[in-house]
Amino acid sequence: MPRSFEFVGLDGTNPLGFLAAVGTLVSLEQAGVGEPRLRWERATRWAPILEGVDAEDEEALARIVARSLRGRLVPKDAEGRRLAAQKEMERVKKVIDKKNAEIKKRRLRGHERTEAEERELRPLQREYEEKRGQWLKALRAAVPRPELALGKRIDCTRGEYREHAATLVATAHASDRGSLDMLAAFGTDAVCQRRSDSIEPTPFCFISGSGHQFFLETARELLGKVDADRVHRTLFRSWDYRDQRLSMRWDPIEDRRYALMGRDPTASGNKARTVWMANLLAYRSLVLFPSAPMGRRLQTAGWDAKQASFTWPLWGHPLSVDGVRSLLQLRELVEERPDVLTMRARGIEAIYRARRIEV
């Protein structure tokens with residue numbers, strides 16, 4: 001018999017808590033257990049209530065979610081091949097950087113510089129592209145979810161994006177298009193970063209190399225941490241923030257600017273902590289936040305036109321994944337002052353907004 005569960009560990013007023021709740025719904029829908037529905041109930045805070053799931057208790061539900069999160073099994077030797085290919089790629093990249101600096105020191109101009117770059121730099125760049133292709137092939141075999149084969153970062157070139165999208169389109173079908181939807185959330189080959197052939201990433205991408213953390217690499221490493229007990233603690237217990245690193249930076253508590261703290265945030269014993277499974281569940285929610293071109297800019301569901309703030313609704317009637325998707329993509333939701341009567345008519349009980357802060 002399907003039953004309902006209250007996720008007491010998730011707070012709908014926290015963007016990470018909200019995204020984790022939606023990601024749990026997505027995971028259960030993809031696991032094919034019953035007809036999962038999600039609603040929000042207000043008590044001392046806004047708590048998500050899950051209904052329509054065939055799970056006998058909290059532990060059984062956590063196991064189902066954990067299985068869905070893990071993705072496909074990866075061959076044991078795949079990670080070793082990926083690391084070896086990555087080292088080769090990074091070796092050539094260092095050689096290129098060194099050669100660039102060497103040419104710059106010569107202070108060549110015009111034709112002489114062009115000739116030196118063509119003769120000395122272009123062969124290295126071709127070698128790098130070859131090594132990168134080998135790394136991407138090894139990466140595809142080493143990732144539990146297909147969208148992670150883009151690399152460490154979302155902002156690949158538009159050619160790489162198209163190639164990966166074509167592969168996913170060829171293998172996706174109506175009941176299994178999660179990775180294709182995730183790719184649509186990451187960005188589009190129609191919008192690139194300024195003066196670059198790299199696609200503009202979704203505004204959900206808060207980590208792009210700072211502290212040696214990258215968006216897709218962090219998601220891949222989080223998949224290696226999946227454990228039913230961790231999922232259970234995230235959903236059904238107050239968060240204890242026992243985990244270090246591997247954060248998507250979607251939790252306001254991680255705003256650790258020096259001016260707001262009593263001591264150095266980088267000091268020993270004062271490192272930032274997070275909840276691994278909350279971040280991974282939130283990552284899975286991105287399938288409901290597609291990106292599309294709007295003029296020359298990227299527009300992502302839930303974000304204002306300038307990508308400066310994220311807005312999310314809380315609803316009182318139990319909704320399926322498709323119902324939640326329709327709410328999250330409402331254009332009226334991201335207006336400066338959403339119309340209260342219109343929102344209530346759609347079943348929305350409350351709306352929250354968080355500003356993106358770049359440090």
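## Exercises on a predicted model

The protein has 64 positive and 52 negative side chains, with the centres of the two sets 5 Å apart. Keep in mind that this is a predicted model.

**Exercise 1.** Work out why the radius of gyration of the protein agrees with that of a compact globule.

*Solution.* 
- Start from the chain length, which is 359 residues.
- The globule rule takes 2.2 Å times the number of residues to the power 0.38.
- For 359 residues a compact globule would thus have a radius of gyration near 21 Å, and because the protein has 22 Å, the two agree.
- For the extent along the principal axes, turn to the C-alpha trace, which spans about 75 × 50 × 45 Å.

**Exercise 2.** Find what share of the residues is buried, and what share of the accessible surface belongs to carbon and sulfur atoms.

*Solution.* 
- A residue is buried if its relative accessible area is under 20%.
- Buried residues come to 47% of the 359 in the protein.
- The accessible surface amounts to about 18,900 Å², and carbon and sulfur atoms hold 48% of it.
- As for contacts between residues at least 6 apart in sequence, 72% link residues at least 24 apart.

Key. Residues numbered from 1 in each chain as written. Predicted model: local features only at pLDDT ≥ 70, side-chain atom pairs only at ≥ 80, totals over all residues. Heavy atoms only, no water. Buried < 20%, exposed > 50% of the residue type's maximum accessible area, 1.4 Å probe, protein only. Contact = heavy atoms within 4.5 Å. Areas by Shrake-Rupley, 256 points an atom, 1.4 Å probe, with all protein chains shown as cover. Lys, Arg positive; Asp, Glu negative; His and termini not counted. Charge placed at Lys NZ, Arg CZ, Asp CG, Glu CD.
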